[in-house]
Amino acid sequence: MELLFVEPVFKEAIWGGSKLRDVFGYEIPSETTGECWAISGHANGMGKISGGRFDGKTLGELWREEPELFGGYPGDQVPLLIKIIDAQKDLSIQVHPDDAYANVHENGSLGKTECWYVLDCEPGTEIVIGHHAKDKAEVEEMIRNHRWTDFIRKVPLKKGDFFQINPGCVHAIKGGTLILETQQSSDITYRVYDYDRLSNGKPRQLHVEQSIDVIEAPFVPSDTEIVKEELPGADHTHLVTCQFYSVDKYDIHGVFTKEFAKYYTNVSIIDGEGIVEGIPVKKGVHFIIPAGYGNCRFEGNLSMICSNPEA
Ligand code: ZN
């Protein structure tokens, strides 16, 4: 059994920048590159395995052909998508549907629950999480009357912050933010407001009706409880467990060995360098530890974000 190294796919965006190259060393398509789909089995940006016996296979093919690698996780699609997002400018104010709404209105797609680990941000940066409307009627009134300042709830941001974004939660990443996102593998975003920006001379499409449908009111902050522990060779931070995934951060100093038990594990090296199972790795490398791999040995000074699907 071997680790599955995955090649990222890059996406340009009007709000993107060049940090995916400047910070992570990736070859990016332009100076406005917004997203690195780091571990993706989604048709809109399919990742490929790099090296080893599955070299060149897409993650989607592997999911169908070698289900034992994923511990027989149920479903016909890779459940999680890992991204790094470089927001040079503000992203649109947006919201995602849940599985039930997406299944009916988006052709059987998964809904989107996502979470963000803040890799870096400029001083004074804020992030949009939630809104100030007291009920659904006020959500609709504020949106239809463009009362954005009253509507949007902003919170200050710093490096190392973590946010869980459930379906129905209004959110936006603001310019100057670099995050690692763990999400359900879905590409369904409803744009509530896009700052009246133009893309190729035209405003980007908004989804006002769908947004009003799915926004939860009143907003209730999600109560994620972050738990830290010291392990031999690593500081472990448990970031979240929800219905779809669990996410953990490990800061490794020296030798750290762990068996990742649940289904399969996505691993993103977000800082430093070292060796995993005899293979040199550094910041920006992403791989999957297949189900049943057993103990995985890490060595070096490196930080990584790991995620497992829940079912
Ligand atoms: Zn989102």
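These entries record what I looked up in one predicted protein model.

**Ground rules.** I number residues from 1 along each chain as its sequence is written, and I use heavy atoms for side-chain values, leaving out hydrogens and water.

**Whole chain.** I found 6 helices and 22 strands in the protein chain, where helices (H or I, at least four residues) and strands (E, at least two) are DSSP runs numbered from the N terminus. I noted that the C-alpha trace spans about 60 × 40 × 40 Å along its principal axes. I then looked up burial, and 55% of the 311 residues count as buried, which means under 20% relative accessible area with a 1.4 Å probe, protein chains only. For contacts (heavy atoms within 4.5 Å), I saw that residues 24 or more positions apart account for 71% of those with a separation of 6 or more.

**Gln183.** I located Gln183 in strand β12, which covers residues 177-184, and I recorded Gln183 as buried, with a relative accessible area of 0%. Leaving aside residues up to four places away in sequence, I listed what Gln183 touches, including Pro79, Leu80, Leu81, Lys112 and Tyr245. Lys83 is also one of these residues, and a polar contact of 3.2 Å joins its side chain to that of Gln183; such a contact is a pair of N or O atoms within 3.5 Å, and within protein one must be able to donate a hydrogen and the other to accept it, with residues adjacent in sequence counting only if both atoms are side-chain atoms.

Terms used: Predicted model: local features only at pLDDT ≥ 70, side-chain atom pairs only at ≥ 80, totals over all residues. Buried < 20%, exposed > 50% of the residue type's maximum accessible area, 1.4 Å probe, protein only.
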